[in-house]
Amino acid sequence: MGDSIGEFEQLVLLALLRAGPDASGVAIHDEIVERTGRDVSIPAVYVTLARLELKGYVRSRSGEATTVRGGRARKLVTLTATGEAVLRHSRWVLERMWRGTGLRAEP
Amino acid sequence: MKRRSGPPAMARWLAERALPATERECVLGDMEEKYVALCEREGARKAGLWYWRQSLLAWWPVTVLRWPARSGRGVPAITLPGLWLARHAARRLVRRPGLSVSVVVLIAGGVGSVVGITAIFMGWLYPRIGVERPAEVSWVEATDSSGSTVRAFTADALDVLSAASSQPLGSVSAAGATIRTGSDVGRGLVGYVSSGYFTILGGRPAMGRLFGDDSGAEVVVSGRFWASRLDRAPDAVGSTLLIDRRPFTVIGVTQDGFDGLESSDLWLPLNAKVGDSWRARPSLRVFTRAMRSGSGAAWLAVAESRLALAGQPLRLRLRVVTSPVSQAERDAIAFSAWVMGGLAFLVLIGACAGATNLLAADLVTRGQEMATRRALGSSPGRITALVMLENLLLAFVTVPFAAAAAAVLLHLVPSWLPVGSATTRFYTVSAGNVLLCSLLTVGSVLVASLPAIGATDPAEGLRSRSSSGLRTSRAAGIMLVIQFAQSMVLLATAGLLLHSMRTVRGLPSGFEPEGTWLFNVTLPLAEYEGGMAARFQHTLVSELAAAPSVQAVGLSRVTPVIAALPVTIRRVGEPGAAAVAARRVPASNGYFTAMGIRIERGRAWRDDTHDEAILTENLARILFPAGDAVGEEIESDDGTRLRVAGIAADGTQGGVEMARVMYLPYDFTRAGSITVVMRGRGGTALDRVARERVASLDPELATSTLGSLDDLLDRAQLLQRGMAQLATLFGLLALAICGFGIYAQVDRQARGRVREIAIRLALGATPRLASAVVWSNALRLGGIGILAGLAIAAGFGVLLSTWFFGLSRVEPVILAAGVTIVAAIAAAGTAIPTWRMLRIAPARLGQD
């Protein structure tokens with residue numbers, strides 16, 4: 001696996017992994033905000049999702065339209081097997097890099 | 001929590017524009033879903049703010065991150081044509097640094113000149129008034145029964161006006177005073193003000209407090225005075241200042257920028273004025289704020305009737321405070337302002353013409369690119385939009401440079417103008433100037449790009465470059481003619497102004513300025529009455545005269561060159577004799593020697609003379625055309641009869657005409673302002689002697705150095721010199737623009753004809769014959785431009801000759817010099833690219 005992903009792409013993929021299949025943009029956004037404390041914007045999440053979809057790491061489909069969304073359809077996103085593999089590789093790389101540094105994780 | 005009906009419509013509209021069509025639904029849906037949840041949890045306000053933030057952040061991917069393009073997958077790249085074009089335009093400008101820098105320099109120079117000159121003259125004509133919302137403040141003025149304007153009122157009249165008004169009235173009486181701060185003694189302007197002064201004008205205390213109704217020996221100092229004379233001392237409030245020897249406690253410092261209506265250094269309450277005699281003198285200027293026309297008229301009518309009952313029949317009026325500069329002073333400056341503004345505008349036109357040339361030339365070289373774009377499906381509108389956007393972007397880049405050019409001019413020019421350093425603080429690059437700069441820059445670049453766009457048809461470019469090139473060449477030729485013409489006009493104007501200035505400088509001043517030194521000292525009236533004043537002045541004269549470096553000392557009540565006391569004189573014994581207007585100069589015996597004024601006939605006076613006068617030659621000639629004036633009797637407008645003791649040599653005394661001056665004996669018993677003239681060696685040495693002697697006689701008196709007579713004569717010509725220098729600067733700028741323009745034009749033409757010239761050379765044409773092709777066109781354009789400029793400059797010269805001294809209606813030498821210089825620049829601008837063309841042409845033929 002030679003592909004590398006950026007930090008924010010990694011966060012989006014991990015949020016998607018946590019939210020499960022057919023996750024909405026809001027769910028991914030909330031997951032990132034809640035777990036990282038970063039004040040990310042919804043459009044930024046969608047730009048990244050569009051890029052990840054181009055790379056084949058996620059796939060999307062249209063969901064149902066609801067009144068609470070002003071009658072607009074939801075976009076449901078699912079992590080692909082390639083995406084999962086990229087995540088695994090990314091973790092392996094990071095763990096190898098961290099190993100032996102002696103630094104402890106801090107919030 | 002109550003839920004809002006929906007997210008902010010404007011924010012949603014903004015987000016819609018930023019999002020690509022394929023992502024718009026889902027992103028906006030998510031944002032609305034989240035907004036609803038936030039509304040319920042944290043309220044509509046917070047939710048609204050959150051939505052606004054998201055909408056603004058939606059532009060981030062558009063401008064920086066970019067939405068990814070998906071070919072064939074239904075999610076296209078963001079299609080915001082404006083942004084795409086802007087990015088493309090920016091790239092084009094970076095790839096053509098030569099063109100970009102040239103246009104920026106040209107337009108920034110032109111716009112900077114116009115904005116700088118406008119700011120300087122507007123600042124000069126209408127300096128900032130240091131009060132809050134000055135447009136709402138009006139002076140109360142009146143016309144008396146003789147039709148004269150009354151600007152100041154007595155204290156009794158003020159009481160009547162205040163009683164009739166429902167609005168608060170303020171009053172001020174400004175006077176110079178000697179102010180001691182610690183060991184430092186200096187002169188300053190003191191405003192004696194009523195209790196409502198600060199409230200009406202919006203003065204606030206930055207430190208301490210302002211006056212109350214029962215203020216006594218208290219003083220409020222301006223922020224400017226606090227900074228310059230009190231060194232921003234934090235404990236200034238509570239300290240004591242000696243103002244005309246009387247102690248006053250500082251109770252407050254006004255906010256920065258508050259100078260009052262009269263630009264005072266400090267303010268004292270009205271009741272701090274010495275004695276009660278001032279109450280009967282009309283010395284108070286009265287003002288009010290925001291009186292509506294209806295209530296104002298009603299108040300004026302009531303006040304007029306009450307004043308009439310009090311025995312003061314006046315017709316009152318309100319005049320909005322516009323400028324501390326008097327109308328007469330404004331009138332004197334206005335013509336210069338128009339001339340300079342016009343010249344600056346000419347520079348801008350020349351700069352626009354230069355930029356047009358460059359942009360048009362650039363479009364010719366891009367003809368094939370345009371045609372290719374057209375062939376690939378770009379609409380003509382899109383191509384035009386691309387070009388316009390490139391130029392617009394160039395304009396935005398130019399704005400800061402134009403502002404910088406204006407700032408440089410603002411920094412340079414005030415030192416050439418007849419204003420003291422105290423007023424230069426008005427010349428700043430304000431928000432208004434920057435806005436003017438921006439509008440002019442964008443306008444100029446767009447105007448400059450219009451002919452260029454019109455000259456190039458993209459479709460034409462693919463078929464042939466000749467016709468578009470021809471049209472662009474024609475437009476460029478017209479622009480070049482304009483540049484030649486404006487260079488001629490600016491250079492000729494500069495020459496005329498310099499000539500006028502030299503002529504004025506060559507006139508006899510009537511003085512011998514070398515070795516003179518002047519200073520002012522003011523003796524307070526309250527303490528120097530009669531004998532005291534006489535003793536002080538006699539002692540000062542004898543002590544200064546005894547100093548080793550001093551040869552002569554004289555006293556006067558008027559500062560020569562920069563001030564004058566008007567008087568009208570008639571001959572005694574001839575009832576029908578016409579009164580002659582002249583200047584009155586009370587001067588001591590030593591004044592004539594110290595100033596270097598030659599007594600042509602008769603004699604000077606002794607210092608105890610009271611009923612004699614000395615006239616300048618031209619005044620004596622007007623009063624006594626038939627014979628010698630010496631020994632004759634004259635009468636001034638106040639009824640004083642004087643015998644002519646002597647005739648002084650004529651001189652302009654800083655003006656442009658021979659001054660009519662009547663010298664009167666100096667009254668040593670009077671206090672007040674005195675101008676002391678010393679003749680001796682070494683200006684600074686004389687200044688030190690003056691300060692030491694005055695301080696030894698009275699340490700509480702402040703001296704104001706005026707400098708040498710040469711300095712005063714220079715100051716009298718500052719406006720004309722400043723204008724001449726500015727015109728020269730503009731002329732050189734225009735010349736540079738012109739030289740640059742012809743170089744660019746000839747160079748472009750030469751590059752286009754390299755092949756043709758090479759063939760001509762190969763076929764046996766001499767280099768001279770080959771280069772004649774280029775020269776002929778340059779000569780044609782230059783000739784037309786110079787002739788047009790000559791005609792305009794000649795007309796302008798006639799106009800200037802009516803305003804400036806020493807100019808005849810046509811100045812052939814100056815016009816010829818202008819033609820020569822412009823022609824030389826044109827020749828240089830043509831010769832360089834022609835020479836280069838002749839060098840590269842044979843090699844080019846070899847390549848082909």
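**Exercise 1.** Find the residue that stands opposite B:Leu615 in strand 19 of chain B.

*Solution.* Take the residue first: B:Leu615 faces B:Ile647. Now take the strands of this predicted model. Strand 17 (residues 612–616) of chain B runs parallel to strand 19 of chain B, and five bridges join them. Strands are DSSP runs of E with at least two residues, and helices are runs of H or I with at least four, numbered from the N terminus. Two strands pair if DSSP finds at least two bridges between them.

Two conventions apply. Residues are numbered from 1 along each chain as its sequence is written, and chains are lettered from A and ligands numbered from 1 in the order in which they are written. Local features need pLDDT of at least 70, side-chain atom pairs count only at pLDDT 80 or more, totals for chains, interfaces and linings use all residues, and side-chain values use heavy atoms, without hydrogens and water.

**Exercise 2.** Trace the antiparallel pairings of strand 19 of chain B.

*Solution.* Start with strand 16 (residues 599–602) of chain B: three bridges join it to strand 19. Here B:Gly602 has B:Gly646 as its bridge partner. Go on to strand 18 (residues 633–636) of chain B, which also pairs with strand 19 over three bridges. Strands 18 and 19 of chain B form a hairpin with four residues between them. In its turn, B:Gly639 has a positive phi of about 90°.

**Exercise 3.** Decide how covered strand 19 (residues 641–648) of chain B is.

*Solution.* Apply the cut-offs: buried is under 20% relative accessible area, exposed over 50%, partly exposed in between (1.4 Å probe, protein chains only). Six of the eight residues are buried, and the strand is mostly covered.
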